[in-house]
Amino acid sequence: MTRQSRGGGPGGIGASSPREQDERTGGAPDGPDSGQLTRRLGRADLRAVSEVRRALRELLRHWGKPGRSETAELLTSELVTNALVHTDHEAYVTATLGPRGLRVEVRDFVGVRPEPRVPNADDGTNGRGLILVQSLADAWGVRAHGVGKVVWFELDGGGTA
């Protein structure tokens with residue numbers, strides 16, 4: 001497992017394995033404010049990016065300081081888009097909200113590990129996703145997962161809203 005952190009972020013916050021069906025549950029064992037969002041993303045289905053953002057926004061409706069849920073949406077969008085654009089397979093996204101914060105994992109079925117790169121000015125808006133994740137997440141990383149990998153990030157809530 002590769003673990004990269006910025007600012008001493010929280011340790012392993014309730015990681016979970018994806019399930020086949022869409023689901024969101026509240027009241028998980030982590031406590032009364034915990035919840036989970038799991039989505040299966042169809043191969044190259046970029047419409048899923050906005051759908052995941054909308055579902056995540058609902059999950060995080062009362063979470064964290066102002067701006068934290070928007071940061072989570074942005075970073076989730078980047079990871080989901082990367083999984084759909086750079087693979088020719090389906091992917092899974094899991095967001096777990098617990099008392100210590102939020103953990104988002106995006107699993108795909110290609111073993112090539114993504115690396116942050118300095119974007120070329122000629123690339124337009126491409127090549128900045130992992131730089132954003134690296135800059136804004138409290139912790140992030142990549143781990144091998146059977147056939148493929150999981151790219152994840154964690155955010156603490158920055159206190160309660």
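I began with the contact between two helices: Ala48, Val49, Val52, Arg53, Leu56 and Arg57 of helix 1 touch Ala72, Glu73, Leu74, Thr76, Ser77, Val80, Thr81 and Leu84 of helix 2. I sorted this contact of helix 1 with helix 2 by class and got 8 nonpolar, 3 polar and 3 charged residues. The model I am reading is a predicted one.

Next I looked up the geometry of the pair. Helix 1 spans residues 47–59 and helix 2 spans residues 68–85. I noted that their axes come within 9 Å and cross at roughly 150 degrees. An angle over 145 degrees counts as roughly antiparallel, and helix 1 and helix 2 are therefore roughly antiparallel to each other. I also checked the hand of the crossing, and helix 1 passes helix 2 in a right-handed one.

Then I went through the whole chain. I found 3 helices and 7 strands. Starting at the N terminus, I wrote down the order of elements as β-β-β-α-α-β-β-α-β-β.

How much of the chain is buried? I have 43% of the 161 residues down as buried. For the surface, I noted that the chain exposes about 8400 Å², with carbon and sulfur atoms supplying 49% of that area.

My last entry is on contacts along the sequence. I took the contacts between residues at least 6 apart in sequence, and 63% of them join residues at least 24 apart.

Definitions and conventions:
Residues numbered from 1 in each chain as written. Predicted model: local features only at pLDDT ≥ 70, side-chain atom pairs only at ≥ 80, totals over all residues. Heavy atoms only, no water. Axes fitted to C-alpha atoms, helices over the stretch in contact; angles between N-to-C directions. Helix = DSSP H or I, 4+ residues; strand = E, 2+ residues; numbered from the N terminus. Parallel < 35°, antiparallel > 145°, perpendicular 65-115°, else oblique. Left-handed = near helix turned anticlockwise from the far one by under 90°. Contact = heavy atoms within 4.5 Å. Nonpolar A, V, L, I, M, F, W, Y, C, P; charged D, E, K, R; others polar. Buried < 20%, exposed > 50% of the residue type's maximum accessible area, 1.4 Å probe, protein only. Areas by Shrake-Rupley, 256 points an atom, 1.4 Å probe, with all protein chains shown as cover.
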